[in-house]
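Subject: Structure handover

Hello,

Here is the structure I promised you. Please open it next to this email and find each residue as you read.

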Amino acid sequence: MTVMSIARFERFFRTAAGLNVDKNDLKRYSDFVDAKLYDLLTVAQATAKANDRDIIRTCDLPITKGLQESIHRFRAIDEEVELKPILEQLATHPPLDRTPDQDTEASYPDIIGGLSLALAQSFKILQPDLKNPQTQHWDEARAVFDLLL
């Protein structure tokens, strides 16, 4: 990831939740994004299969009300931070039994952005005074997401 990308990543977390993250957090963040996108696609794949479709549509993704609201808030923040181009690079997934259509793939950066915003805010919910997330904090936040997604 470029220095410019790291700066945007850091700025996003400061704007989203007043957190100071650094380049060492990028691996944890990238792992989180990969895992949660894959989880969403796994459920979407099952939905597409249940509906006798060979493709995954955006409506197959299990986007909750809370995640949808986070996506909308991310879009507003992203106008200032401009993280979406970086998220487009992170929006990859392993091969699936069903292929996502173009609209679904185009929605990945916004979905990842919404997940990222929810992640940042979850740190503050779990630890209101937190300024610099450590491994333990990342693990706790990820455990919450694992329960829900």
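This is a predicted model: local features need pLDDT of at least 70, side-chain atom pairs count only at pLDDT 80 or more; totals for chains, interfaces and linings use all residues.

**Ring pairs**

How many aromatic pairs does a search of the whole structure find? There are eight. Two of them are described here.

Start with Phe-13 and Trp-138. Their ring centres are 6.3 Å apart, and the planes stand at 50° to each other. That pair is tilted. Phe-13 sits in helix α1, residues 3–17. Trp-138 sits in helix α6, residues 135–148.

Now look at Phe-32 and Phe-145. The ring centres lie 5.0 Å apart. The planes are at 90°, so this pair is edge-to-face; the cut-off for that class is over 60 degrees. Phe-32 belongs to helix α2, residues 25–50, and Phe-145 to helix α6. The pair therefore ties together parts that are 113 residues apart in sequence. Phe-32 has 2% relative accessibility and counts as buried. Phe-145 has 9% and counts as buried too. The cut-off for buried is under 20%.

There is also a cluster. Ring pairs link Phe-9, Phe-12, Phe-13, Tyr-29, Phe-74, Phe-123 and Trp-138.

Two packed helices are described by an angle and a distance, both taken from their axes.

Take α2 with α6. The angle is about 5°, and the axes are 11 Å apart. That makes α2 roughly parallel to α6, because angles under 35 degrees count that way. On the α2 side, the contact residues include Arg-28, Tyr-29, Phe-32 and Ala-35. On the α6 side, Trp-138, Arg-142 and Phe-145 are among them. By class, this contact has five nonpolar, one polar and seven charged residues.

Next, α5 with α6. Helix α5 spans residues 102–126. The axes of α5 and α6 come within 10 Å and cross at roughly 115°. Which hand does the crossing of α5 and α6 have, left or right? The crossing is right-handed. From α5, Leu-115, Ala-118, Leu-119, Ser-122, Phe-123 and Leu-126 take part. They meet His-137, Trp-138, Glu-140, Ala-141, Val-144 and Phe-145 in α6. This contact has nine nonpolar, two polar and one charged residues.

Ser-122 lies in helix α5. Its relative accessible area is 10%, so Ser-122 is buried. Leaving aside neighbours within four places in sequence, Ser-122 is in contact with Ala-141 and Phe-145.

Where is Asn-132? Asn-132 is in the loop between α5 and α6. With a relative accessible area of 35%, Asn-132 is partly exposed. Leaving aside neighbours within four places in sequence, Asn-132 is in contact with Asn-20, Asp-25 and His-137. Asp-110 is 22 residues away along the chain, and its C-alpha atom is separated from that of Asn-132 by 25 Å.

Arg-75 is found in helix α3, residues 65–81. Arg-75 is partly exposed, at 36% relative accessible area. The C-alpha atoms of Arg-75 and Pro-62 are separated by 19 Å. Along the chain these two are 13 residues apart.

Best wishes

Conventions
Residues are numbered from 1 along each chain as its sequence is written. Side-chain values use heavy atoms; hydrogens and water are left out. Rings of Phe, Tyr and Trp (its six-membered ring) pair if their centres lie within 6.5 Å; planes under 30 degrees apart count as stacked, over 60 as edge-to-face and the rest as tilted. Helices (H or I, at least four residues) and strands (E, at least two) are DSSP runs, numbered from the N terminus. Buried means under 20% relative accessible area, exposed over 50%, partly exposed in between (1.4 Å probe, protein chains only). Axes are lines fitted to C-alpha atoms, for helices over the stretch in contact, and angles run from 0 to 180 degrees between N-to-C directions. Angles under 35 degrees count as roughly parallel, over 145 as roughly antiparallel, 65 to 115 as roughly perpendicular and the rest as oblique. Contact means heavy atoms within 4.5 Å. Ala, Val, Leu, Ile, Met, Phe, Trp, Tyr, Cys and Pro count as nonpolar, Asp, Glu, Lys and Arg as charged, and the others, Gly among them, as polar. A crossing is left-handed if the near helix is turned anticlockwise from the far one by less than a right angle, and right-handed if clockwise.
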